[in-house]
Amino acid sequence: MRKPNHSVSKGIIAGILGGLAGAWTMNQFQRIVMATKPLAEQEEKRESEDATMKVAQAVAKPFLQRDLTKEEKQKAGPVVHYAYGAAIGGLYGGAAAEDRGTTAGFGAAYGTAAFVLGDEVALPALGLSGNPLDYPVSSHAEALASHLVYGLTLEAVRRLSVKLLNAVV
């Protein structure tokens with residue numbers, strides 16, 4: 001009888017922790033970038049509805065039988081962001097436990113893939129953002145940089161979490 005291999009489950013847990021940390025760090029990075037923008041652009045960004053708010057609306061409407069208020073969307077958007085960050089972090093952690101190539105570039109490759117597949121492909125395809133060609137290159141560069149911050153943080157926290165999990169379990 002084979003001994004159970006817990007490395008994948010530990011990897012998923014470590015990835016979820018890394019994904020949460022990565023989502024938080026990504027938010028902090030975006031706040032710093034936004035602070036460098038003109039006040040009018042900052043205000044426009046605060047007033048706009050981002051993809052996480054749209055997802056929150058789509059998930060909540062069938063249950064509530066109504067649209068979310070602006071305030072509810074502003075509160076639910078971060079929940080969606082962290083849930084998504086944790087979910088793709090868990091996927092990354094499980095994959096990294098099976099194949100070390102997953103961690104290429106200390107998570108930078110994964111962060112880049114998350115940007116391309118998420119922001120550039122999935123969000124426009126689902127109608128949660130506009131056509132990528134309609135945005136300036138600077139917008140894409142900022143989003144890519146944010147996802148690189150996510151990927152690097154994800155990998156750093158994942159590695160630390162795996163070490164801690166191996167020490168206690």
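## Exercises on helices and a pocket

In this predicted model, the crossing of helix 1 and helix 4 is right-handed. Let's work through a few tasks around that pair and its surroundings.

**Exercise 1.** Describe how helix 1 and helix 4 are oriented to each other.

*Solution.* Start with what you need: two packed helices are described by the angle between their axes and the distance between the axes. For helix 1 and helix 4, the angle is about 140 degrees and the axes lie 6 Å apart. Next, compare with the cut-offs: angles over 145 degrees count as roughly antiparallel, and 65 to 115 as roughly perpendicular.

**Exercise 2.** Find which helices line the second largest pocket, and classify the lining residues.

*Solution.* First, the pocket has a volume of about 150 Å³. Its lining includes Ser 7, Lys 10, Gly 93, Ala 97, Glu 155 and Arg 158. Now place the lining on the helices: helix 1 (7-35), helix 4 (70-98) and helix 6 (137-168) each supply at least two residues. Helix 6 gives the largest share, with five residues. Finally, sort by class: two lining residues are nonpolar, five are polar and five are charged.

**Exercise 3.** Decide whether Glu 41 is buried, partly exposed or exposed.

*Solution.* Locate the residue first: Glu 41 sits in helix 2, which spans residues 39-47. Its relative accessible area is 37%. Buried means under 20% and exposed means over 50%, so Glu 41 is partly exposed.

Technical notes: Residues numbered from 1 in each chain as written. Predicted model: local features only at pLDDT ≥ 70, side-chain atom pairs only at ≥ 80, totals over all residues. Heavy atoms only, no water. Helix = DSSP H or I, 4+ residues; strand = E, 2+ residues; numbered from the N terminus. Buried < 20%, exposed > 50% of the residue type's maximum accessible area, 1.4 Å probe, protein only. 1 Å grid on protein atoms, 1.4 Å probe; cavity = no way out; pocket = protein on both sides within 12 Å on 5 of 7 lines; lining within 4 Å. Points joined across faces, edges and corners; volume = space filled by probe spheres on them. Nonpolar A, V, L, I, M, F, W, Y, C, P; charged D, E, K, R; others polar. Axes fitted to C-alpha atoms, helices over the stretch in contact; angles between N-to-C directions. Parallel < 35°, antiparallel > 145°, perpendicular 65-115°, else oblique. Left-handed = near helix turned anticlockwise from the far one by under 90°.
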